[in-house]
Amino acid sequence: MKLLEMSNIQKSFGDLQVLKDINLFVEEGEVVSIIGPSGSGKSTLLRCATFLETIDAGSIAYVGQHAAETKAAGGQAEYVPAGELKKLRNHFGLVFQNFNLFPHFSVLRNVIDAPVNVQKRERKEVEAEAMELLGKMGLADKAKSYPYQLSGGQQQRVSIVRALAMNPKILFFDEPTSALDPELTQEVLKVIRALAEEKMTMVIVTHEMAFANAVSDRVIFMDGGVVVEEGPPSEVFGNPQQARTKQFLEKYSD
């Protein structure tokens, strides 16, 4: 079952066209990594998928329900009303590179705030789930701590727990380790790898090539706002077909 379908996505900022007719679909249980040089449009694609940016043209659908679509040739993409968009947001969670935790909330409150106040779920039940998730991430003893008392790796694990607490069908990661040193990077990648083993559907924008190779079902290489190449990691990393992919990956081979 396709959880996400993005078709013919176009996005410009002023005169700069950042996404040029991009297609992306994600099946349930699939891990898709998006790689490519800085400025290739990877993060913009993720921001469009999660409604943080609006697309100019194309269509976005979650579980078969449209969030936006272009109805006339050459026309602008039209979004569904705010109430429907809010419901569609429940399908996904997003983990940012800079954690984006509320500094004045404890770890536990950071995790339970949205499920209680946005999804209107029972506080007791949400707290129990949150503590279970924090325990799985090795953070149960940090529930009453504040973000400033945690390492970067711990903060990023809290932000993953916060996203999971919304019970999303699909998790997006926008360069989840770019703000971390190598040791903390491994700590966070281990958590994402464990989620992959549990068949969590994920889309990961990453510069960690060995990780993308190990954890992905499919790898997408973007450059200049287009998808240059995509396929299983064994093909994209092991036998790239496009000269641009080969050139990019050469920088990463030791």
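Which strands does helix H2 (residues 82-89) lie across, and at about what angle to S5 does the helix run? In this predicted model, local features need pLDDT of at least 70 and side-chain atom pairs count only at pLDDT 80 or more, while totals for chains, interfaces and linings use all residues. Residues are numbered from 1 along each chain as its sequence is written, and side-chain values use heavy atoms, with hydrogens and water left out.

Helix H2 lies across S4, strand S5 (65-70) and S6, and runs at about 125° to S5. Helices (H or I, at least four residues) and strands (E, at least two) are DSSP runs numbered from the N terminus; angles run from 0 to 180 degrees between N-to-C directions, with axes as lines fitted to C-alpha atoms, for helices over the stretch in contact (heavy atoms within 4.5 Å). Helix H1 (residues 42-49) lies across S1, S2 and strand S4 (57-62), at about 120° to S1.

An open sheet is formed by five strands in the order S2-S1-S4-S5-S6, with antiparallel pairing (at least two DSSP bridges between two strands). Strand S2 (16-27) and strand S6 (77-79) are at the edges with a single partner strand each, so one side of each has no neighbour in the sheet. From one strand to the next, the twist averages 15°. Nine bridges join strand S1 (residues 2-13) to S2 in the antiparallel sense, and Lys 11 is opposite Leu 19 in S2.

The protein as a whole has nine helices and 11 strands. Its C-alpha atoms fill a box of roughly 50 × 50 × 35 Å along the principal axes.
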